[in-house]
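User: I have a model open and would like to go through it. Can we take it in short questions and answers?

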Amino acid sequence: MRVGSTDSKKAGVFLTGRVIAAYGRHFEVEAAPGTIYSCVVRGKKKGVVCGDQVEILTTTENNGVIEATLPRTTLFYRSEVFREKLIAANVTQLIFVLAVVPSCNLELLDRCLIVAENQGIKPLILLNKIDLIGQSEQKQLTAHDLLFYRELGYPVLEISAQTSVQALVPLLRGQTSLLAGQSGVGKSTLLNALVPQALQATAEISEALDSGRHTTTHVRLFRFDADSSIIDSPGFQEFGLQQLNEETLAWGFTEFRPFLGLCKFRDCRHIAEPGCKLLQAAEEGVFDARRIPCYHKLVKGLKKLPPDWR
(Lines give C-alpha, C1' and ligand atoms only; values in the text may rest on other atoms or scores of the structure.)
Protein backbone atom coordinates (compact mmCIF):
# COMPACT_ATOMS: atom_id res chain seq x y z
CA MET A 1 0.00 0.00 0.00
CA ARG A 2 1.34 3.41 -0.95
CA VAL A 3 1.22 6.00 1.79
CA GLY A 4 -1.97 8.05 1.67
CA SER A 5 -3.69 7.23 4.91
CA THR A 6 -3.42 4.82 7.79
CA ASP A 7 -7.03 3.80 7.19
CA SER A 8 -7.53 1.87 3.92
CA LYS A 9 -11.26 2.55 4.07
CA LYS A 10 -10.81 6.31 3.73
CA ALA A 11 -10.80 8.19 0.44
CA GLY A 12 -7.46 9.18 -1.07
CA VAL A 13 -5.58 5.99 -0.20
CA PHE A 14 -3.40 4.19 -2.76
CA LEU A 15 -3.77 0.41 -2.70
CA THR A 16 -2.52 -2.51 -4.76
CA GLY A 17 -5.03 -5.23 -5.62
CA ARG A 18 -6.13 -7.79 -8.15
CA VAL A 19 -8.96 -7.38 -10.63
CA ILE A 20 -11.45 -10.15 -9.89
CA ALA A 21 -14.23 -9.13 -12.27
CA ALA A 22 -14.49 -7.06 -15.43
CA TYR A 23 -17.76 -5.50 -16.61
CA GLY A 24 -16.85 -3.37 -19.60
CA ARG A 25 -15.24 -0.26 -18.06
CA HIS A 26 -16.18 -1.19 -14.49
CA PHE A 27 -14.11 -3.56 -12.38
CA GLU A 28 -14.05 -5.23 -9.00
CA VAL A 29 -10.65 -5.05 -7.34
CA GLU A 30 -9.74 -7.15 -4.30
CA ALA A 31 -7.19 -5.22 -2.26
CA ALA A 32 -7.11 -7.82 0.52
CA PRO A 33 -9.06 -11.05 1.11
CA GLY A 34 -12.68 -9.97 1.41
CA THR A 35 -11.93 -6.29 0.79
CA ILE A 36 -13.36 -5.41 -2.62
CA TYR A 37 -13.62 -2.04 -4.34
CA SER A 38 -15.83 -1.14 -7.30
CA CYS A 39 -13.54 0.72 -9.68
CA VAL A 40 -13.40 2.60 -12.94
CA VAL A 41 -10.31 3.45 -14.96
CA ARG A 42 -8.65 6.84 -15.06
CA GLY A 43 -9.44 8.81 -18.21
CA LYS A 44 -9.41 6.81 -21.45
CA LYS A 45 -7.09 4.12 -20.16
CA LYS A 46 -7.89 0.77 -21.81
CA GLY A 47 -6.79 -2.80 -21.44
CA VAL A 48 -7.52 -3.60 -17.79
CA VAL A 49 -8.51 -7.25 -17.55
CA CYS A 50 -9.49 -9.85 -14.97
CA GLY A 51 -6.41 -11.14 -13.17
CA ASP A 52 -4.47 -7.89 -13.51
CA GLN A 53 -2.56 -6.52 -10.54
CA VAL A 54 -3.43 -2.84 -10.34
CA GLU A 55 -2.90 0.26 -8.26
CA ILE A 56 -6.08 2.04 -7.23
CA LEU A 57 -6.89 5.31 -5.51
CA THR A 58 -9.87 4.99 -3.19
CA THR A 59 -12.58 7.62 -3.70
CA THR A 60 -15.12 6.45 -1.12
CA GLU A 61 -15.30 3.59 1.34
CA ASN A 62 -16.13 1.00 -1.36
CA ASN A 63 -15.09 2.70 -4.60
CA GLY A 64 -11.91 3.62 -6.37
CA VAL A 65 -10.11 4.54 -9.57
CA ILE A 66 -7.56 2.30 -11.28
CA GLU A 67 -4.47 4.45 -11.69
CA ALA A 68 -2.01 1.90 -13.08
CA THR A 69 -1.74 -1.69 -14.26
CA LEU A 70 1.31 -3.56 -13.00
CA PRO A 71 3.45 -5.68 -15.39
CA ARG A 72 1.84 -8.97 -16.41
CA THR A 73 3.40 -12.39 -16.58
CA THR A 74 0.90 -13.62 -19.20
CA LEU A 75 -2.04 -12.27 -21.19
CA PHE A 76 -4.62 -14.57 -22.76
CA TYR A 77 -6.62 -12.88 -25.50
CA ARG A 78 -8.01 -13.27 -28.98
CA SER A 79 -7.69 -10.84 -31.84
CA GLU A 80 -9.69 -10.29 -35.02
CA VAL A 81 -8.83 -7.75 -37.71
CA PHE A 82 -9.04 -4.30 -36.05
CA ARG A 83 -10.45 -5.79 -32.83
CA GLU A 84 -9.04 -7.42 -29.71
CA LYS A 85 -10.79 -9.22 -26.88
CA LEU A 86 -8.70 -9.36 -23.72
CA ILE A 87 -9.76 -12.27 -21.52
CA ALA A 88 -7.44 -12.74 -18.53
CA ALA A 89 -4.01 -11.78 -17.26
CA ASN A 90 -1.40 -13.51 -15.10
CA VAL A 91 -2.87 -16.92 -15.90
CA THR A 92 -0.58 -19.89 -15.22
CA GLN A 93 -2.85 -22.67 -16.49
CA LEU A 94 -5.35 -22.88 -19.33
CA ILE A 95 -8.09 -25.46 -18.78
CA PHE A 96 -9.75 -25.91 -22.15
CA VAL A 97 -13.07 -27.62 -21.48
CA LEU A 98 -14.57 -29.95 -24.07
CA ALA A 99 -17.66 -32.09 -23.62
CA VAL A 100 -18.99 -35.36 -24.93
CA VAL A 101 -21.86 -33.22 -26.25
CA PRO A 102 -22.36 -30.70 -27.82
CA SER A 103 -20.15 -31.37 -30.85
CA CYS A 104 -16.73 -29.80 -30.60
CA ASN A 105 -14.69 -27.90 -33.15
CA LEU A 106 -11.15 -29.03 -32.40
CA GLU A 107 -9.78 -26.06 -34.32
CA LEU A 108 -10.85 -23.89 -31.38
CA LEU A 109 -8.76 -26.11 -29.14
CA ASP A 110 -5.79 -25.76 -31.49
CA ARG A 111 -6.09 -21.98 -31.52
CA CYS A 112 -6.19 -21.74 -27.74
CA LEU A 113 -3.24 -24.10 -27.41
CA ILE A 114 -1.24 -21.88 -29.76
CA VAL A 115 -1.91 -18.82 -27.57
CA ALA A 116 -1.04 -20.80 -24.44
CA GLU A 117 2.24 -21.94 -26.01
CA ASN A 118 3.16 -18.40 -27.00
CA GLN A 119 2.35 -17.02 -23.55
CA GLY A 120 4.05 -19.79 -21.58
CA ILE A 121 0.76 -20.91 -20.04
CA LYS A 122 0.48 -24.56 -19.03
CA PRO A 123 -2.42 -26.23 -20.88
CA LEU A 124 -4.83 -28.89 -19.61
CA ILE A 125 -7.47 -30.44 -21.87
CA LEU A 126 -10.57 -31.40 -19.89
CA LEU A 127 -13.20 -33.72 -21.38
CA ASN A 128 -16.42 -33.15 -19.42
CA LYS A 129 -19.79 -34.95 -19.34
CA ILE A 130 -18.34 -38.45 -19.67
CA ASP A 131 -21.46 -39.66 -17.85
CA LEU A 132 -23.38 -38.93 -21.08
CA ILE A 133 -21.41 -41.31 -23.27
CA GLY A 134 -23.89 -43.48 -25.14
CA GLN A 135 -26.93 -41.54 -23.90
CA SER A 136 -27.48 -39.37 -26.97
CA GLU A 137 -27.90 -39.87 -30.70
CA GLN A 138 -25.69 -36.85 -31.34
CA LYS A 139 -22.13 -37.32 -32.50
CA GLN A 140 -20.06 -37.62 -29.36
CA LEU A 141 -16.50 -36.69 -28.50
CA THR A 142 -14.51 -39.42 -26.75
CA ALA A 143 -11.11 -39.79 -25.17
CA HIS A 144 -9.99 -41.63 -28.31
CA ASP A 145 -10.61 -38.46 -30.33
CA LEU A 146 -8.14 -36.67 -28.02
CA LEU A 147 -5.43 -39.34 -28.18
CA PHE A 148 -3.54 -37.22 -30.72
CA TYR A 149 -3.18 -34.43 -28.15
CA ARG A 150 -1.96 -36.88 -25.50
CA GLU A 151 0.69 -38.02 -27.96
CA LEU A 152 1.78 -34.40 -28.39
CA GLY A 153 2.36 -34.27 -24.64
CA TYR A 154 -0.74 -32.37 -23.56
CA PRO A 155 -2.44 -33.67 -20.41
CA VAL A 156 -6.02 -34.85 -21.01
CA LEU A 157 -8.38 -35.44 -18.09
CA GLU A 158 -11.81 -37.10 -18.34
CA ILE A 159 -14.39 -35.94 -15.83
CA SER A 160 -18.07 -35.48 -15.07
CA ALA A 161 -18.81 -32.20 -13.32
CA GLN A 162 -22.21 -33.62 -12.35
CA THR A 163 -20.75 -36.55 -10.39
CA SER A 164 -17.21 -35.83 -9.22
CA VAL A 165 -14.49 -33.25 -9.81
CA GLN A 166 -11.96 -34.68 -7.36
CA ALA A 167 -9.55 -35.78 -10.09
CA LEU A 168 -9.14 -32.14 -11.10
CA VAL A 169 -8.50 -30.73 -7.63
CA PRO A 170 -4.76 -31.58 -7.35
CA LEU A 171 -4.13 -29.95 -10.73
CA LEU A 172 -5.54 -26.64 -9.49
CA ARG A 173 -3.23 -26.27 -6.51
CA GLY A 174 -0.90 -23.30 -6.76
CA GLN A 175 -2.31 -22.22 -10.14
CA THR A 176 -4.31 -19.36 -11.56
CA SER A 177 -6.43 -21.42 -13.94
CA LEU A 178 -8.54 -20.05 -16.77
CA LEU A 179 -11.61 -22.04 -17.81
CA ALA A 180 -12.16 -21.61 -21.54
CA GLY A 181 -14.17 -23.33 -24.26
CA GLN A 182 -17.40 -23.33 -26.21
CA SER A 183 -20.77 -22.54 -24.68
CA GLY A 184 -22.56 -25.57 -23.28
CA VAL A 185 -19.54 -27.66 -22.33
CA GLY A 186 -20.26 -27.31 -18.61
CA LYS A 187 -17.76 -24.70 -17.41
CA SER A 188 -20.26 -23.11 -15.01
CA THR A 189 -21.35 -26.48 -13.62
CA LEU A 190 -17.70 -27.39 -13.16
CA LEU A 191 -16.96 -24.13 -11.36
CA ASN A 192 -19.97 -24.54 -9.06
CA ALA A 193 -18.72 -28.00 -8.10
CA LEU A 194 -15.24 -26.66 -7.34
CA VAL A 195 -16.29 -23.37 -5.73
CA PRO A 196 -19.86 -23.78 -4.40
CA GLN A 197 -20.13 -20.12 -3.41
CA ALA A 198 -19.63 -19.13 -7.06
CA LEU A 199 -23.32 -19.81 -7.79
CA GLN A 200 -22.83 -19.51 -11.55
CA ALA A 201 -25.94 -19.85 -13.70
CA THR A 202 -26.23 -22.95 -15.87
CA ALA A 203 -28.42 -23.91 -18.82
CA GLU A 204 -29.24 -27.03 -20.81
CA ILE A 205 -27.85 -27.43 -24.31
CA SER A 206 -30.12 -27.53 -27.34
CA GLU A 207 -30.05 -30.94 -28.98
CA ALA A 208 -31.77 -29.53 -32.05
CA LEU A 209 -29.06 -26.92 -32.55
CA ASP A 210 -26.26 -29.02 -31.04
CA SER A 211 -25.05 -25.98 -29.13
CA GLY A 212 -25.02 -24.42 -25.71
CA ARG A 213 -26.41 -21.13 -24.47
CA HIS A 214 -24.29 -18.40 -22.91
CA THR A 215 -24.80 -18.34 -19.13
CA THR A 216 -21.54 -16.57 -18.19
CA THR A 217 -21.58 -12.99 -19.45
CA HIS A 218 -18.34 -11.62 -18.03
CA VAL A 219 -14.95 -12.81 -16.84
CA ARG A 220 -14.66 -13.37 -13.09
CA LEU A 221 -11.99 -14.73 -10.76
CA PHE A 222 -12.78 -17.00 -7.82
CA ARG A 223 -10.45 -18.06 -5.03
CA PHE A 224 -10.08 -21.84 -4.87
CA ASP A 225 -7.79 -21.81 -1.86
CA ALA A 226 -5.19 -19.48 -0.36
CA ASP A 227 -2.73 -20.15 -3.20
CA SER A 228 -5.06 -20.97 -6.11
CA SER A 229 -7.64 -19.17 -8.23
CA ILE A 230 -10.02 -20.06 -11.04
CA ILE A 231 -11.07 -17.58 -13.73
CA ASP A 232 -14.35 -18.29 -15.49
CA SER A 233 -14.91 -16.87 -18.96
CA PRO A 234 -17.88 -16.71 -21.36
CA GLY A 235 -18.08 -19.43 -23.99
CA PHE A 236 -16.96 -18.61 -27.51
CA GLN A 237 -17.39 -20.05 -30.99
CA GLU A 238 -14.49 -18.24 -32.69
CA PHE A 239 -10.97 -17.36 -31.61
CA GLY A 240 -8.93 -15.04 -33.84
CA LEU A 241 -5.13 -15.06 -33.78
CA GLN A 242 -4.33 -11.80 -35.55
CA GLN A 243 -1.97 -10.89 -32.70
CA LEU A 244 0.51 -13.50 -33.96
CA ASN A 245 2.87 -13.38 -36.92
CA GLU A 246 3.74 -16.31 -39.17
CA GLU A 247 6.80 -17.32 -37.12
CA THR A 248 5.05 -17.37 -33.75
CA LEU A 249 2.03 -19.09 -35.28
CA ALA A 250 4.13 -21.99 -36.58
CA TRP A 251 6.00 -22.24 -33.27
CA GLY A 252 2.68 -22.70 -31.49
CA PHE A 253 2.27 -26.11 -33.16
CA THR A 254 4.60 -28.14 -30.97
CA GLU A 255 5.03 -30.96 -33.50
CA PHE A 256 6.38 -28.46 -36.06
CA ARG A 257 9.26 -27.19 -33.93
CA PRO A 258 11.94 -29.79 -34.83
CA PHE A 259 11.68 -28.67 -38.49
CA LEU A 260 11.42 -24.90 -38.12
CA GLY A 261 14.47 -22.97 -39.28
CA LEU A 262 15.69 -25.85 -41.48
CA CYS A 263 13.90 -24.91 -44.71
CA LYS A 264 15.70 -23.81 -47.89
CA PHE A 265 14.33 -20.30 -47.59
CA ARG A 266 14.54 -18.31 -44.37
CA ASP A 267 11.08 -16.78 -44.91
CA CYS A 268 9.41 -20.11 -45.72
CA ARG A 269 5.70 -20.06 -44.85
CA HIS A 270 5.45 -23.87 -44.96
CA ILE A 271 2.60 -23.78 -47.48
CA ALA A 272 4.01 -24.85 -50.87
CA GLU A 273 7.57 -23.52 -50.94
CA PRO A 274 10.34 -25.71 -52.43
CA GLY A 275 12.75 -27.10 -49.89
CA CYS A 276 10.31 -26.85 -46.98
CA LYS A 277 11.54 -29.32 -44.37
CA LEU A 278 8.25 -29.23 -42.48
CA LEU A 279 6.18 -30.27 -45.51
CA GLN A 280 8.79 -32.85 -46.48
CA ALA A 281 8.65 -34.43 -43.03
CA ALA A 282 4.84 -34.42 -43.15
CA GLU A 283 4.80 -36.16 -46.53
CA GLU A 284 7.27 -38.77 -45.30
CA GLY A 285 5.14 -39.49 -42.23
CA VAL A 286 7.81 -38.35 -39.78
CA PHE A 287 5.07 -36.77 -37.64
CA ASP A 288 1.28 -36.81 -37.61
CA ALA A 289 0.35 -34.10 -40.11
CA ARG A 290 -3.33 -33.74 -39.24
CA ARG A 291 -2.88 -30.13 -38.07
CA ILE A 292 -1.13 -28.96 -41.26
CA PRO A 293 -4.48 -27.86 -42.85
CA CYS A 294 -5.32 -25.91 -39.69
CA TYR A 295 -1.96 -24.15 -39.83
CA HIS A 296 -2.41 -23.30 -43.51
CA LYS A 297 -5.85 -21.84 -42.82
CA LEU A 298 -4.50 -19.71 -39.99
CA VAL A 299 -1.37 -18.44 -41.73
CA LYS A 300 -3.32 -17.51 -44.88
CA GLY A 301 -5.82 -15.64 -42.71
CA LEU A 302 -3.25 -13.38 -41.05
CA LYS A 303 -3.74 -9.76 -42.04
CA LYS A 304 -0.96 -7.21 -42.32
CA LEU A 305 -2.15 -4.30 -40.18
CA PRO A 306 -0.56 -0.85 -40.16
CA PRO A 307 1.46 -0.29 -36.97
CA ASP A 308 -0.76 2.62 -35.93
CA TRP A 309 -4.16 0.99 -36.51
CA ARG A 310 -5.13 1.41 -32.85
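Predicted model: local features only at pLDDT ≥ 70, side-chain atom pairs only at ≥ 80, totals over all residues.

User: What volume does the largest pocket have?

Analyst: Rolling a probe the size of a water molecule over the atoms shows where empty space is left. For the largest pocket, the volume comes to about 690 Å³.

User: Which residues are the closest to the centre of the largest pocket?

Analyst: The largest pocket is lined by 24 residues. By class, the lining has twelve nonpolar, six polar and six charged residues. The closest to the centre are Gly-47, Val-48, Glu-84, Lys-85 and Leu-86.

User: Which element gives the largest share of the lining of the largest pocket?

Analyst: Two elements give two or more residues to this lining: strand S1 (14-23) and strand S7 (83-89). The largest share is four residues, and it comes from S7.

User: Is Leu-94 buried or exposed?

Analyst: Leu-94 sits in strand S8, residues 93-99. Its relative accessibility is 2%. Buried means under 20%. Therefore Leu-94 counts as buried.

User: Which residues does Leu-94 touch, leaving out those up to four places away in sequence?

Analyst: Start with the fold around Leu-94. Gln-175 lies 81 residues from Leu-94 along the chain, and their C-alpha atoms are separated by 9.7 Å. The residues that Leu-94 touches are Phe-76, Cys-112, Ala-116, Ile-121, Lys-122, Pro-123, Leu-124, Leu-178 and Ala-180.

User: Which helices do the buried residues of H7 pack against?

Analyst: An α-helix has 3.6 residues a turn, so residues three or four places apart point the same way. In H7, residues 292-301, the buried residues are Ile-292, Cys-294, Tyr-295, His-296, Leu-298 and Val-299. They pack against helix H1 (106-119), helix H5 (246-251) and helix H6 (277-283).

Notes: Residues numbered from 1 in each chain as written. Heavy atoms only, no water. 1 Å grid on protein atoms, 1.4 Å probe; cavity = no way out; pocket = protein on both sides within 12 Å on 5 of 7 lines; lining within 4 Å. Points joined across faces, edges and corners; volume = space filled by probe spheres on them. Nonpolar A, V, L, I, M, F, W, Y, C, P; charged D, E, K, R; others polar. Buried < 20%, exposed > 50% of the residue type's maximum accessible area, 1.4 Å probe, protein only. Contact = heavy atoms within 4.5 Å.
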